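This note goes through one chain point by point. Please keep the sequence and the structure open while reading.

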Amino acid sequence: MKRYDCMKIVANEIGDALVITTVGGAAAEWNSIRPGDGSLRCRTLGLVSSIAMGLAMALPGRRIIGFDGDGALLMNACGLPTLAWQNPANLTLLVFDNGIYEASGLRRTATSAGTDLMAMARGAGVQSAAWVTDLQQFRTALRDSLTSKSLSMIGVKTEAGDDYFKTWQQLPAFEYSEVENLYRFMRHIERLEGKRIVPLPGPKH
């Protein structure tokens, strides 16, 4: 499957959910499909699952979506037990597995040699962690996760290689840096939740 096609489905299904994206092609593709302040680009490889978990725990009344990759999740595999332990009911973690470190030279990840990320998640205690094999299964699994009362992880094997790498590199550039993205994201949450998160400078009123 193509990650881009999955993301188009996500954009049509999640309403005003907040999105955390991993680096590289996933962030670029999502930005081309749904630009705006409701998404945060996670610059540090591996921290999508942890940041998304923290956000889900801080905002239990709002749906949180995480876009993770195989290389990224492997770098933070130690976070899986904590993720399962906390079990935020409003978090859906989508894991796009193309078997390579896409943004750093297309080197192979361990999943290309048989490592099963969904099996790892279930072993860590995540009750709902499964692979889907086509777009209809993906849509159904996503819809189910959005109405569930427990953490959901959906694994998708996606296309890789030089041609695909060149495709997402040609997508529109981001309009602002990661730092500005962070502050715009926080201000977006403030508007949604109707409360101040980051105090403004100057005298208090």
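Is Phe67 buried or exposed, judged by its relative accessibility? Phe67 has 0% relative accessibility and therefore counts as buried; buried means under 20% relative accessible area, exposed over 50%, and partly exposed in between, with a 1.4 Å probe and protein chains only.

1. Basis. This is a predicted model, in which local features need pLDDT of at least 70 and side-chain atom pairs count only at pLDDT 80 or more, while totals for chains, interfaces and linings use all residues. Residues are numbered from 1 along each chain as its sequence is written, and side-chain values use heavy atoms, with hydrogens and water left out.

2. Overall form. The chain has nine helices and eight strands; these are DSSP runs numbered from the N terminus, helices being H or I of at least four residues and strands E of at least two. The C-alpha trace spans about 60 × 40 × 30 Å along its principal axes. The radius of gyration is 17 Å, which agrees with the value near 17 Å for a compact globule of 205 residues. That radius is taken over C-alpha atoms, and the globule rule is 2.2 Å times the number of residues to the power 0.38.

3. Burial and contacts. Of the 205 residues in the chain, 45% are buried. Contact means heavy atoms within 4.5 Å. Among contacts between residues at least 6 apart in sequence, 73% join residues at least 24 apart.

4. Charge. The chain carries 22 positive and 20 negative side chains, and the centres of the two sets lie 5 Å apart. Lys and Arg count as positive and Asp and Glu as negative, with His and the chain ends not counted. Each charge is placed at NZ of Lys, CZ of Arg, CG of Asp or CD of Glu.

5. Aromatic pairs. Rings of Phe, Tyr and Trp (its six-membered ring) pair if their centres lie within 6.5 Å; planes under 30 degrees apart count as stacked, over 60 as edge-to-face and the rest as tilted. The count by this rule is two aromatic pairs. Trp30 and Phe67 form an edge-to-face pair, with 5.0 Å centre to centre and 75° between the planes. Trp30 lies in helix 2 (residues 25-33) and Phe67 in strand 3, so this pair ties together parts that are 37 residues apart in sequence. Trp30 counts as buried because its relative accessibility is 1%.

6. The tilted pair. The ring centres of Phe67 and Phe96 are 5.9 Å apart and their planes are at 55°, so the pair is tilted. Phe96 is in strand 4 (residues 91-97) and Phe67 in strand 3, so parts 29 residues apart in sequence are tied together. Phe67 and Phe96 are both buried. Ring pairs link Trp30, Phe67 and Phe96 into a cluster.

7. Ile65. Ile65 is also found in strand 3 (residues 64-69), and at 0% relative accessibility Ile65 counts as buried. Beyond its neighbours within four places in sequence, Ile65 is in contact with residues including Ile14, Leu18, Ile20, Leu94 and Leu146.

8. Gly46. Gly46 sits in the loop between strand 2 (39-41) and helix 3 (48-58). With 3% relative accessibility, Gly46 counts as buried. Neighbours within four places in sequence aside, Gly46 is in contact with Ala72, Met75 and Asn76.
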